[in-house]
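Keep the 3D view open and turn it as you read.

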Amino acid sequence: MAAENPVESLQKEATCPVCLEYFTEPVSVECGHNFCRACISQCWEGSATAASCPQCRQTVQQRNLRPNRQLANMVEIAKRLSLQAAKGSGGDRVCGKHQEALKLFCEEDQSPICVVCDRSRAHRAHTVVPIQEAAQEYKEKIQTQLKILRKEREKLLGLKVTGEGKSQEYLKQTQTEKQKIVSEFQQLRQFLKEQERLLLAQLKKLDEEIVRIQNENVSKLSEQISHLSELISELEGKCQKPASEFLQDVRSTLSRCKKRKLQQPEEISSELEERVSGFSQKTIALQEALRKFKDTLPSALERKRGEPLRAHRQVNVTLDPDTAHPQLVLSEDRKRVRREDTRQRLPNNPERFDTELCVLGCEGFTSGRHCWEVEVEVGDGERWAVGVAREAVGRKGRISHSPEEGIWAVEQWGDRFWALTSPATPLPLSRVPSRIWVCLDCDRGQVTFIDAGDEAPIFTFPPGSVPRGRIRPWFWVWRGSRLSLCP
């Protein structure tokens with residue numbers, strides 16, 4: 001057996017046998033044992049005459065408590081030695097109350113304690129182990145948690161790398177599309193520029209022809225006007241002369257007036273008129289072509305944006321009768337649903353919606369990208385909604401059709417169309433779609449709705465909107481409407 005540490009032996013000798021802590025004002029009794037003054041006084045409290053030693057039970061006739069100054073000095077030396085030993089062992093932490101090294105660990109209080117604390121009343125009933133043993137035990141637990149956390153970190157790093165890879169792939173696709181668009185528009189600009197040059201050149205020739213004819217006509221008319229002005233002046237002067245002089249050469253003058261012929265200006269030829277009219281028709285056709293091009297271009301671009309959604313796997317969705325509200329009637333193949341005014345007698349199982357006119361799809365998705373098509377037939381009510389919902393969405397009582405309740409959907413109400421966000425977002429659609437693709441990306445937490453007619457995007461709940469977990473198709477039907485799942 002290893003020899004006891006001298007410092008520990010000194011600590012034991014400096015410890016009161018009653019309170020098990022360092023002596024405070026140590027005193028000696030007749031039998032030679034030592035106690036704290038407060039401890040022995042408390043033990044003898046209530047005893048009027050004879051008393052006994054708490055340690056050896058020897059009767060003490062006289063209560064003569066003698067202060068033990070040497071023991072008090074030894075207690076101070078023991079405290080300093082204990083502190084020095086603790087620092088010498090490489091640990092700076094010591095018990096703030098007893099100045100002892102923290103060599104033990106209390107399981108109940110989850111804190112390091114010293115040997116004096118271990119023997120005190122505060123920890124006497126607690127489970128106490130050596131601090132190194134406790135450290136080893138908790139290190140093993142920490143190591144176990146570290147393994148779990150590292151695995152989770154590796155998984156997240158993998159998701160990050162995968163996401164970055166997909167992002168880079170999409171960026172390459174968008175860059176390729178950008179180059180195609182730039183090239184196509186460059187060719188289009190070149191074509192339009194060439195057409196503009198040709199048309200303007202033809203118009204220039206037509207302008208020159210019109211100006212030539214106009215100049216020739218102006219010249220001829222100006223010459224005739226000048227000749228007529230001279231003849232008029234001559235006649236006016238002749239009328240002012242006396243009769244004898246007036247009648248001289250009057251017949252010749254009249255003959256000259258009668259023989260004069262007015263030369264008509266050159267008219268615009270029918271060919272020239274046709275050429276001008278032809279350019280007017282070309283201008284009208286050009287305006288119509290540009291209008292159609294402007295109207296068609298946004299739809300074409302929207303279809304370009306919708307093409308990546310084709311990567312979703314098309315799934316065959318069926319309706320779950322156990323979840324359908326009692327007023328909803330499902331077809332035999334569970335592909336169509338409509339609302340009736342009369343409630344059916346159905347079991348009120350926990351899965352069934354009892355207030356909201358909802359039904360879920362049988363299929364649930366936790367990962368991957370999935371897509372299904374819904375056809376809408378509206379009646380007098382003209383109100384319906386489609387989307388996705390969490391597996392744990394509320395089934396009993398009133399629920400809000402919103403992401404807070406675990407529902408991500410779009411809704412038609414009359415001539416208005418909404419995305420059921422919080423608050424709802426009005427969608428400025430030119431027409432309400434009759435067929436809708438619901439595209440769910442579980443890995444990105446995203447839901448996209450697309451008009452199946454022209455593949456134009458309707459609305460997208462952005463990435464991260466839909467949390468992890470099982471997600472199911474969701475349908476809500478009002479009076480007069482019918483929803484059908486397309487094969």
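A word on naming before we start: helices here are DSSP runs of H or I with at least four residues, strands are runs of E with at least two, and both are numbered from the N terminus. The model you are looking at is predicted. With that naming in hand, the chain has 8 helices and 22 strands.

Start at the second largest pocket, which holds about 280 Å³ of space. Which helices supply at least two residues each to its lining? They are α5, covering 131–239, and α8, covering 270–306. Of these, α5 gives the largest share of the lining, with 7 residues. If you want to pick the pocket out on screen, select F191, L192, Q195, E196, L199, L200, L203, F279, K282, T283 and L286, which line it. By class, that lining splits into 7 nonpolar, 2 polar and 2 charged residues.

Now zoom out for a moment. The chain has 487 residues, and 30% of them are buried.

Next, find strand β14, residues 383–390. Why can we call β14 largely enclosed by the rest of the structure? Because 7 of its 8 residues are buried, where buried means under 20% relative accessible area. Now look at the strands that pair with β14. Strand β15, residues 407–413, runs antiparallel to β14 and is joined to it by 7 bridges. To get your bearings in that pairing, look for R383, which stands opposite W413 in β15. Strand β21, residues 471–477, also pairs with β14 in the antiparallel sense, over 7 bridges. There, V388 has P473 of β21 as its bridge partner.

Which of its residues are covered and which are uncovered? V337 and R339 make up the covered face, while R336 and R338 make up the uncovered one. In general, side chains in a regular strand alternate between the two faces of the sheet. β11 pairs with strand β10, residues 328–330, in the antiparallel sense over 3 bridges, and L330 stands opposite V337 in that pairing. The hairpin of β10 and β11 has 5 residues between the strands, and R334 in this hairpin takes a positive phi near 55°. β11 also runs antiparallel to strand β22, residues 482–485, with 3 bridges joining the two. Look there for S484 of β22, the bridge partner of R336.

Conventions:
Residues numbered from 1 in each chain as written. Predicted model: local features only at pLDDT ≥ 70, side-chain atom pairs only at ≥ 80, totals over all residues. Heavy atoms only, no water. 1 Å grid on protein atoms, 1.4 Å probe; cavity = no way out; pocket = protein on both sides within 12 Å on 5 of 7 lines; lining within 4 Å. Points joined across faces, edges and corners; volume = space filled by probe spheres on them. Nonpolar A, V, L, I, M, F, W, Y, C, P; charged D, E, K, R; others polar. Buried < 20%, exposed > 50% of the residue type's maximum accessible area, 1.4 Å probe, protein only. Pairing = 2+ DSSP bridges.
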